[in-house]
Amino acid sequence: MSIPSLSIIASPDDATADIVVHGVQKTSDGPVAPGMSPEQLKQLGATGARGQFVRSVVDGTVTGFVGLGADTSSSSLRAAAASAVRALGDVPQVALALPVASDSDASAVLEGAALGAYSFQGSKSRDPELFAREVQVAVGEAHCTDSVVRSARLISEAVHIARDLVNTPPNHLTPEIFADRVAEEAAGDSVSVTVLDDQQLRDEGFGGISGVGQGSSNPPRLVVVDYNPGPDAPKLALVGKGITFDTGGISLKPSKSMIGMKTDMAGAATVYAAVLAIARLGLPIRVSAYLCLAENVPSHTSIKPEDVLVMRGGKTVEVTNTDAEGRLVLADGIRYAIEQGADAVIDVATLTGAQVVALGNRYTGVMGNNDQVLEQFLKAADAADEPAWPMPIPDDYAEKLESPVADLQNARVGHPDGGMLLAGAFLREFVEDEGRETPWVHVDFAGPASNGGKAYDWNPSGATGVMLRTLVEFAAGYRAK
């Protein structure tokens with residue numbers, strides 16, 4: 001994981017880069033860019049379409065032009081910066097002269113450049129794809145300080161960390177390896193890391209995590225990453241689904257449906273990297289990430305349909321579908337986070353295929369039990385330019401989870417309707433504690449967490465790191481009521 005060196009300059013005239021890239025806006029009168037007429041831009045092939053990149057010689061100098069689309073919002077600026085850096089490949093130094101009018105605009109451009117410059121080496125024997133080593137951003141008269149650059153760098157680094165984890169092959173990232181990697185990576189940061197192994201999980205009543213993981217020779221883990229800036233800070237808990245590979249267990253998936261299941265730990269990767277970013281930024285809020293790690297595979301020791309699990313906190317769950325395992329590990333994590341005194345809980349998960357059916361691959365589904373906190377989260381997502389859509393948890397869905405042998409069941413086999421909502425209803429059962437509901441937000445990003453197509457905007461092919469910037473934005477503005 002590496003990102004370019006980021007810096008700000010006053011004007012493109014101050015650039016020392018190999019190429020200067022200008023933004024082109026698409027208007028009804030044709031493409032518009034400083035110092036260029038629409039006719040000149042058209043001759044170059046620059047239309048201003050969002051993300052379009054053109055490189056040409058202008059007045060004897062190699063110059064780049066990147067499309068902004070019809071506006072100059074933070075989203076279009078971030079997308080343009082990422083598209084330009086990606087298109088330029090390994091050009092060592094790049095200067096971006098986009099229409100920056102504020103420090104938030106500058107932040108969007110800086111982040112876009114860093115997020116666009118991503119490639120995953122993995123196990124390939126060839127060299128990784130290279131991008132610019134240095135990116136300069138012209139900010140004009142906007143009042144920007146080094147803190148804007150620092151924040152963009154730290155957040156982008158965290159997104160790269162999450163992407164790298166999600167892209168890692170499952171045999172290279174078992175629950176134990178994941179836990180060890182977190183402990184090693186976080187060693188130099190102002191966070192503490194606690195790891196509960198499979199025996200501790202069984203002894204301490206984590207029936208969901210230990211149950212899902214008991215079929216694998218790679219035993220489960222619960223990892224707690226805690227950032228504590230002081231005793232008076234509000235306490236936010238982030239709970240992440242960390243299924244390092246999901247075969248469906250005894251309720252085995254078709255082989256085609258298993259491709260991509262290494263990404264089923266994206267929730268855990270996201271909340272972990274978000275806490276690192278929050279700690280490195282020094283935000284005045286205590287944040288704990290709970291990484292619920294297990295491998296869901298079939299064997300003679302696996303849980304099976306009609307088994308009953310005793311969850312953290314004592315509730316019992318009849319397992320009707322072992323492929324609805326994510327909600328089982330999350331339920332334990334949510335319950336534990338509430339026991340630790342969290343003022344609010346956000347869980348993040350690639351939880352349901354129903355989310356993809358309902359909202360596609362770019363909108364995240366969000367639901368919860370507290371209108372005020374839910375609104376804060378949606379505003380944070382909007383500020384981060386990460387599309388999210390509020391979904392309901394109908395009151396009657398609790399009835400759909402009734403079991404004749406346990407407090408509730410984990411799924412309704414043969415009834416796919418409202419699957420995303422039903423999963424939310426299941427998790428809500430673990431939020432209430434003696435009549436009190438801790439403010440809670442459920443984030444289902446099964447589609448947006450990974451991009452199966454070509455890179456777009458600031459999202460590469462493969463893991464996107466989506467929702468991390470939203471979590472940091474939410475944490476920055478959260479105040480417990």
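Author: Thr470 counts as buried, with a relative accessibility of 0%. Buried means under 20% relative accessible area, exposed means over 50%, and partly exposed is in between, for a 1.4 Å probe and protein chains only. The model is predicted, so local features need pLDDT of at least 70 and side-chain atom pairs count only at pLDDT 80 or more, while totals for chains, interfaces and linings use all residues. Residues are numbered from 1 along each chain as its sequence is written, and side-chain values use heavy atoms, with hydrogens and water left out.

Thr470 sits in helix α15, residues 468-477. Helices (H or I, at least four residues) and strands (E, at least two) are DSSP runs, numbered from the N terminus. Leaving out residues up to four places away in sequence, Thr470 touches Phe377, Ala380, Ala381, Ala384 and Glu386. Contact means heavy atoms within 4.5 Å.

Next comes Asp385. This residue is in the loop between α12 (371-383) and β16. Its relative accessibility is 17%, so Asp385 counts as buried. The phi of Asp385 is near 60°, which is positive in a residue other than glycine. Most residues other than glycine have a negative phi.

Asp59 also has a positive phi, about 50°, and is not a glycine. Asp59 lies in the loop between β4 (53-58) and β5 (61-69). Is Asp59 buried or exposed? Asp59 is exposed, at 79% relative accessible area.

Back to β16, and the sheet it belongs to. Eight strands make an open sheet, ordered β8-β9-β11-β10-β14-β20-β15-β16, with mixed pairing. Two strands pair if DSSP finds at least two bridges between them. The edges are β8 (192-196) and β16 (388-390); each has a single partner strand, so one side of each lacks a neighbour in the sheet. Ignoring direction, neighbouring strands of this sheet are turned by 20° against each other on average. Axes are lines fitted to C-alpha atoms, for helices over the stretch in contact, and angles run from 0 to 180 degrees between N-to-C directions.

Now strand β14. Six of the six residues of β14 (344-349) are buried, so this strand is largely enclosed by the rest of the structure. Ala344, Ile346 and Val348 point one way, and Val345, Asp347 and Ala349 point the other. β14 pairs with β10 in the parallel sense, over five bridges. Here Leu238 stands opposite Ile346 of β14. Five bridges also join β14 to β20 (residues 440-444), and these two run parallel. Val345 faces Trp440 in β20, and Ala349 faces Asp444.

What lies across these strands? Helix α10 (residues 326-339) lies across β9 (221-227), β10, β11 (286-296), β14 and β20. It runs at about 155° to β10.

On a 1 Å grid over the protein atoms alone, a cavity is a set of points where a 1.4 Å probe fits but cannot get out; a pocket is an open set with protein on both sides within 12 Å along at least five of seven lines, and lining residues have an atom within 4 Å of a point.

The lining has 45 residues, and Lys253, Thr352, Gly353, Ala354 and Ala446 lie nearest the centre. By class, 16 are nonpolar, 18 polar and 11 charged. Ala, Val, Leu, Ile, Met, Phe, Trp, Tyr, Cys and Pro count as nonpolar; Asp, Glu, Lys and Arg as charged; the others, Gly among them, as polar. Five elements each supply at least two lining residues: β10 (235-246), α8 (255-258), α11 (353-359), α14 (419-428) and β21 (450-451). The largest share, four residues, comes from α11.

Asn361 is in the loop between α11 and β15 (364-368). At 47% relative accessibility, Asn361 counts as partly exposed. Apart from neighbours within four places in sequence, Asn361 contacts Val356, Gly447 and Pro448.
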